[in-house]
Amino acid sequence: MQDIAASMPMTQVAPRDRSRLIVPVLLFATLALAPLLGLVGPDRYVLALFTRCVIFAIAALGLDLALGSGGLVSFDHAAFIGIGAYAAGILTASGIDDAFLLLFAALATSGFFALATGAISLKTRGVHFIMITLAFGQMAYFVANSLKAYGGDDGLTLANRSTIFGRDLLADHRVFFYVSLAMLLAVYLFARAVVRSRFGRVLRGAKENETRIAAIGFDPYPFRLVAFVISGMIAGLAGFLLAEQSEFVSPAFMTWQRSGDLIIMVMLGGMASLDGAILGALFVVLTEELLSGFTEHWRVIFGPFLVLVVLFARGGLLGLLTGRRHG
Amino acid sequence: MSTALLAVQTLNGLQLGVLLFLIAAGLTLVFGVMDFINLAHGAQYMLGAYFAVTAYGATQNFLLAIILALVGALAAGLALEVAIFRHLYGRDHLDQVLATFGVILFLNEAVRMIYGSTSLAMPMPEVLSGSIRLMPGLLYPVYRLVVIGAGIGVGLLLHVLVNHTRIGMLVRAGASNAPMVSALGVNIGRLFMIIFGIGAMLAGFAGAMVAPIFAVEPNMGDNLLILAFVVIVIGGIGSVRGAFIAALLVGLVDTLGRSFASDILRHMLSSSAANQAGPALASTLIYVLMAAVLFFKPAGLFPARA
């Protein structure tokens, strides 16, 4: 049965034109040059801010795979970030600080949690799915709170950044920024490949019309589950980087509001466009920084802004910029 | 693990249960009838508590404060419905999530701006501030018993409203098939507004009732909201009866789990391991319960839609 999809003409989903390359190239070039701002401003502050942008862009890309392509409104992703971060934090506290080992542990644990919770929550759709992912995310949050050996609700300070082949290359803030950026690029290229593969087409097909996809012989469940696990592991990667960057992990990484922030990033950028997820993450992190410098009550402005975007601008930022509607 | 302790924790569990029921009842009707996910419901509970504190400060009268809080919660709920929510009923769940999330950000921060981040307290009325001796060695605060009683009372009232009135009939019909109700000539927009108003009042009532025993602070509704979701998932979307039973179940399992998990584990593990694992296990219990219910009954215990 599945041969039918394999033989579907490729032209329908192939990239429409070269102009679509402009946005990602500009985005990555801007990010790569961002540390130059450090020449005119406080160097470490600029680097830390843009490293944060890059890390959240990775998490938002991960979520975009589940949310944009799969239509899964997941509130689990803060938990995946937190689990990746705690994997790195707990291993560091136990004296293991090899970057590859920590990364592997972060991916394995977040992937496992995504598999376990996804297997249950993907049995449901719609409002049910949202509520169940909220619940599982909250469970991870409370478990992290109760880990008294690892700081409980105070969190856990990492003694040092991890090492690569025993050398502390990542301790340099500039190196760390470019390593994070390289990871973002790798994740972006990977996500693009996934979205354009046969797998990605089935996923989007199931989002647009589940009955039709079922009628041509696909069971959407395994596709969604794999997408959810990949998406969770990417968020876990972001968590690992976040723990390394701040040299600190805490349950506050996993609050459900943090998952809401990620959804805002993806939605503001424009769903299922990948470029949009990066743009949205940049926008949210920088706006938060800008507004919070202006007033500590910046949420009073950001909340109504969000409501207005939902009510009036449905294509997200990328849609406003390019005049296209996504998702 | 003495009987007195067990009894106290059971009562505490019941108290959490009725509180969750008050929050979940409105939420489950809004889900069931409008297919609308309202994340701001927890913020409406918070508003109820702040209204009560403010009204008490102005009037120094407990009963009046509760009534004013109810009126305030209803007004705030209807204002939100008219200004924002009614434009979202037909929309994607994602849009609903984002817009209501924006409302939470705004309400929490607005309250923080006006009242500050420090938690407020509301004094409880003199007559209810004592403790009562329920059995030898067991003193229990009267006010907490009143909260349990009031919650059960509201539950019964809601039961009568939903099962024995014309509005209730429309609500039940709406929960099982809203487009059909609309097609039969019922003003569905007005029905939605009534349901939303009832939900807002129930959440506000819950907030007002707990103002004397909980810390009244800006984010107080956020975590309770997720527990209310667990209740709705277990009870079945759209079912008030399901919400009631599931709320008591979740309240009891959570409270008793937190008090006794370490003790029970101590029979199986070493004392220090039990102290480490107990709290972690206790905090997952209700979610495991939810997963188990979903596994056997994916639509919850009492689904409103057949």
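1. Let's start inside chain B. Leaving aside neighbours within four places in sequence, B:Thr28 is in contact (heavy atoms within 4.5 Å) with B:Ile232, B:Gly236, B:Ile237, B:Gly238, B:Ser239 and B:Ala243. B:Thr28 belongs to helix α1 of chain B; helices (H or I, at least four residues) and strands (E, at least two) are DSSP runs, numbered from the N terminus. With a relative accessible area of 0%, B:Thr28 is buried. Here buried means under 20% relative accessible area, exposed over 50%, and partly exposed in between (1.4 Å probe, protein chains only). A polar atom of the B:Thr28 side chain lies 2.8 Å from the backbone nitrogen of B:Gly238.

2. A word on what you're looking at. This is a predicted model, where local features need pLDDT of at least 70 and side-chain atom pairs count only at pLDDT 80 or more, while totals for chains, interfaces and linings use all residues. Residues are numbered from 1 along each chain as its sequence is written, chains are lettered from A and ligands numbered from 1 in the order in which they are written, and side-chain values use heavy atoms, with hydrogens and water left out.

3. Now for how the two chains meet. On chain A, 40 residues are in contact with 44 residues of chain B. The two chains bury about 3900 Å² between them, 79% of it on carbon and sulfur atoms; buried area is the accessible area (1.4 Å probe) that two parts lose on being put together, summed over both. A:Val127, A:Met131 and A:Trp256 supply 16% of the area that chain A buries against chain B, more than any other three residues.

4. What salt bridge is there between the chains? The side chains of A:Arg299 and B:Glu109 form one, at 3.2 Å, N to O. The term covers a side-chain nitrogen of Lys or Arg within 4 Å of a carboxyl oxygen of Asp or Glu. The count between chain A and chain B is one salt bridge.

5. B:Glu109 also meets B:Arg112 in a salt bridge, at 2.9 Å. Both lie in helix α4 (residues 93-115) of chain B, three residues apart, about one turn of the helix. B:Glu109 counts as buried at 2% relative accessibility, and B:Arg112 is buried too, at 18%.

6. Over all chains the count comes to nine salt bridges. One of them pairs A:Glu210 with A:Arg224 at 3.4 Å, N to O. A:Glu210 sits in helix α9 (residues 210-215) of chain A and A:Arg224 in helix α10 of chain A, so the pair ties together parts that are 14 residues apart in sequence. A:Glu210 is partly exposed at 35%, whereas A:Arg224 is buried at 3%.

7. Have a look at some backbone angles as well. Most residues other than glycine have a negative phi. A:Glu247 has a positive phi of about 50° although it is not a glycine; A:Glu247 is in the loop between α10 (220-246) and β2 (248-249) of chain A. B:Asp35 likewise has a positive phi of about 50°, and its place is the loop between α1 (3-34) and α2 (41-59) of chain B.

8. Last, a hairpin in chain B. Strands β1 (residues 131-135) and β2 (residues 138-141) of chain B run antiparallel and are joined by four bridges; two strands pair if DSSP finds at least two bridges between them. B:Ile132 stands opposite B:Tyr140 in β2(B).

Technical notes:
A polar contact is a pair of N or O atoms within 3.5 Å; within protein, one must be able to donate a hydrogen and the other to accept it, and residues adjacent in sequence count only if both atoms are side-chain atoms.
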